[in-house]
Amino acid sequence: VFPKIRLRNSLTEYGLVAQLFHWLIVALILVQFVLGYVAADLPLGLRKVALLAQHKSVGITILALAALRILWRSVSHHPQTRNGMRWQRWLAAAMHGSLYVLLFMIPISGWLMSSARNFSVSWFGLVTLPDFVEADPRLYQFFRSAHELLVYALAVLAALHATAAIKHHFIDRDDVLVRMLPIILRRSRQPAVSRSEVND
Ligand code: HEM
Ligand code: HEM
């Protein structure tokens, strides 16, 4: 018997759409770290420019996905957790909020960095994005430092966030990680919130 696949979130679980957004963005961010650091180490030249063009296109894709994801989130239920202390639920919400903010600020700082360097950003050579700032070396330096700092912040927060998910799975043995996994990857777990606790 196959469980029914649900696209939308319920008050107890993430639906397939939220799960796909989550893991697709995680995968693209890993690609971005590789492209970004490899390109940053190369001397100025064709290869660097080509890698950075890929990096920018993938980064703009993440920006668009993040916008769609927030939109989707705003029209669906949000799964709740009743387990744990109040401060833990507050911390999880603050973490998710910060991760969302970074998903916007990192691509935008990259976009503005490129404009300030006088390179308009192109999305896979198909669409050229507008420049919202003047070409200016000081602005370029500013956005470049901002991009780098925000990227560090993402690395630290995402590592803490992943550690929390793993702790829930292996130490608390609840369903917090499992409910973010598509149905084929799941094994039954004690729910972090039971259906009877949720008032629909
Ligand atoms: C979530 C999306 C993104 C992530 C995770 C990301 C991550 C990174 C990382 C790890 C680096 C190398 C470290 C550094 O030199 O700062 C980098 C560099 C860079 N990124 Fe991004 N980036 C993203 C989006 C973008 C976007 C959308 C653009 C432009 C449209 C962009 C433009 C650049 C540029 C031009 C560099 C090279 C900086 C240099 O000259 O060294 N990035 N990025
Ligand atoms: C760049 C990496 C990551 C980012 C930016 C990220 C971002 C997010 C965001 C924004 C949420 C909140 C979703 C929502 O309710 O709308 C979330 C939830 C979640 N993430 Fe991640 N995540 C990342 C990596 C990971 C990894 C590696 C794991 C697993 C080891 C993970 C496991 C989870 C789980 C289990 C939830 C659901 C938490 C709950 O139900 O309260 N994430 N993530």
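Walk along the sequence and the chain reads α-α-α-β-β-α. That comes to 4 helices and 2 strands, where helices (H or I, at least four residues) and strands (E, at least two) are DSSP runs numbered from the N terminus. This is a predicted model, in which local features need pLDDT of at least 70 and side-chain atom pairs count only at pLDDT 80 or more, while totals for chains, interfaces and linings use all residues. Residues are numbered from 1 along each chain as its sequence is written, chains are lettered from A and ligands numbered from 1 in the order in which they are written, and side-chain values use heavy atoms, with hydrogens and water left out. Taken along the principal axes, the C-alpha atoms fill a box of roughly 60 × 35 × 25 Å.

Helix H3 is a handy one to find on screen. It covers residues 86-116, so to speak 31 residues end to end, and its first and last C-alpha atoms are 44 Å apart, close to the 45 Å expected at 1.5 Å a residue; the expected span is 1.5 Å times one less than the number of residues. After H3 comes Asn118, with a positive phi near 75 degrees.

**Ligand 2**

Where does ligand 2 sit? Ligand 2 is in the largest pocket. Pockets here come from a 1 Å grid over the protein atoms alone: a 1.4 Å probe is used, and a pocket is an open set of points with protein on both sides within 12 Å along at least five of seven lines, with lining residues having an atom within 4 Å of a point. To sit in one, a molecule needs more than half of its atoms within 2 Å of the grid points.

The largest pocket holds about 1600 Å³ of space, a volume being the space filled by probe spheres set on the points, which are joined across faces, edges and corners. Its lining counts 49 residues, and Ala92, Met95, His96, His161 and Ala165 are the ones nearest the centre. H1, H2, H3 and H4 each give two or more residues to this lining, with H4 contributing the largest share, 12 residues. By class, the lining of the largest pocket splits into 30 nonpolar, 12 polar and 7 charged residues; Ala, Val, Leu, Ile, Met, Phe, Trp, Tyr, Cys and Pro count as nonpolar, Asp, Glu, Lys and Arg as charged, and the others, Gly among them, as polar.

Around ligand 2 itself there are 19 residues, with His22, Arg73, His78, Tyr100 and His161 the closest; a residue is near if one of its heavy atoms lies within 4 Å. Helices H1 (16-41), H2 (46-74), H3 and H4 (137-172) each supply at least two residues of that shell. The shell has 12 nonpolar, 4 polar and 3 charged residues.

**Ligand 1**

The space taken by ligand 1 is the second largest pocket. H1, H2, H3 and H4 are the elements giving two or more residues to the shell around ligand 1. That shell has 23 residues, and the closest are His55, Lys56, Gly110, Arg144 and His147. Sorted by class, the shell around ligand 1 has 13 nonpolar, 7 polar and 3 charged residues.

As for the second largest pocket, its volume is about 1200 Å³. It is lined by 39 residues, of which Gly36, Leu52, His55, Met113 and His147 lie nearest the centre. Each of H1, H2, H3 and H4 supplies at least two lining residues, and H2 gives the most, with 11. The lining of the second largest pocket has 23 nonpolar, 11 polar and 5 charged residues.

**Polar contacts**

Which side chains put an N or O atom by a ligand N or O atom? The table lists such pairs, a polar contact being a pair of N or O atoms within 3.5 Å.

| Side chain | Ligand atom | Distance |
|---|---|---|
| Tyr14 | oxygen of ligand 2 | 2.8 Å |
| His161 | nitrogen of ligand 2 | 2.7 Å |
| Arg179 | oxygen of ligand 2 | 2.9 Å |
| His55 | nitrogen of ligand 1 | 2.8 Å |
| Arg144 | oxygen of ligand 1 | 3.3 Å |
| His147 | nitrogen of ligand 1 | 2.8 Å |

Methods. A polar contact is a pair of N or O atoms within 3.5 Å; within protein, one must be able to donate a hydrogen and the other to accept it, and residues adjacent in sequence count only if both atoms are side-chain atoms.
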